[in-house]
Amino acid sequence: MASVLVVEDDQFVRSALIRHLTDASHTVRSVGTALEALREVAHLRFDVVILDLGLPDLDGSEALKMLRGITDVPVIVATARDDETEIVRLLNAGADDYLTKPFSVEHLSARMAAVLRRARSGAAEGEPTPMIRVGGLTVDPLRRQAELDGARLDLTRREFDLLAFLARRPGVVVPRKELLAEVWQQSYGDDQTIDVHLSWLRRKLGETAASPRYLHTLRGVGVKLDPPGAGAPR
C-alpha cells in the first residue's frame, strides 16, 4: 500500500478520491493549494502525488515544476485539459502519468499501480551501493537512510539525494550547475533552490552557514562536504 498526497481544490472530487484511496488501504493526506502541497512534500515522504492542474493559487504546471525542484516522488497529473501538446509538455516537465477528467476510480487505481511498479523497479535496479562514511556521518544509498553520530536523520528525498551526492565526493567542491544537473536533473535553475535545501540540510546536521561542520560553501563556485576539522574551502 502507498502513501498518497492528493492535491485538489474541488472538495467533492477531493473527498471522493480520499474515500476511494482509503478504502484501498492507502495512507492519504490532502491539500487544496500548490503551496500547501510544496510544504507537505518538503517535510513528509510520499509514494505518489495526484496533482490537479486547476489550483487556486498556482497553475498546476507551475506547481509541477516547483515540486520537481524539491522531490522526485512520482506525480500523476489530473487534468480536464486533453490537448496532446499540453500533455506532452507536462510529461516532459516531470509528470510520470496523467488522467483526463472525469476518470473512474478503477482507471486511477490502474495508473497508480503502474507508476508505483515503475518507481519500485527503478529503485531495485543496479548493484548494491556500499555505505558512505564521512566523519560521524553515515549514508546508506540502498536503504536511503542517513545517520549522524549514530542518530537517524529525518531527511526528505531531495535532502537525501543532495547529501548522498556530496558524500560520495568528500573534499571536492561541486559546482552549483553540477548539483542542478545531477541532483535536480535540470540543466538550468535558480540557485535559491540549492540554497534552501542546503539550509534545511544544515539544520538537520546541527550546523549553520556561519558555523559549518560538514557543509562548506565557496561563494560563486560551489559546495563541498568535509568531516569536521578538515577546514573550510579555500
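Reader: Which residues of α1 are buried?
Author: Arg14, Leu17, His20 and Leu21 are. Seen down the axis of α1, they fall within an arc of 135° (taken over the directions from the helix axis to the C-beta atoms), so they line one face. Buried means under 20% relative accessible area, exposed over 50%, partly exposed in between (1.4 Å probe, protein chains only). On the other side of α1, Phe12, Arg19 and Asp23 are exposed. This is a predicted model: local features need pLDDT of at least 70, side-chain atom pairs count only at pLDDT 80 or more, and totals for chains, interfaces and linings use all residues. Residues are numbered from 1 along each chain as its sequence is written, and side-chain values use heavy atoms, leaving out hydrogens and water.

Reader: What span is expected of α1?
Author: The rule is 1.5 Å times one less than the number of residues. With 13 residues (11–23), 18 Å is expected, and α1 reaches 18 Å from first C-alpha to last.

Reader: Why is Lys101 called partly exposed?
Author: Its relative accessibility is 25%.

Reader: What joins the side chains of Lys101 and Asp52?
Author: A polar contact of 2.8 Å. The term needs N or O atoms within 3.5 Å; within protein, one must be able to donate a hydrogen and the other to accept it, and residues adjacent in sequence count only if both atoms are side-chain atoms. Glu8 also has a polar contact with Lys101, side chain to side chain, at 3.0 Å.

Notes:
Helices (H or I, at least four residues) and strands (E, at least two) are DSSP runs, numbered from the N terminus.
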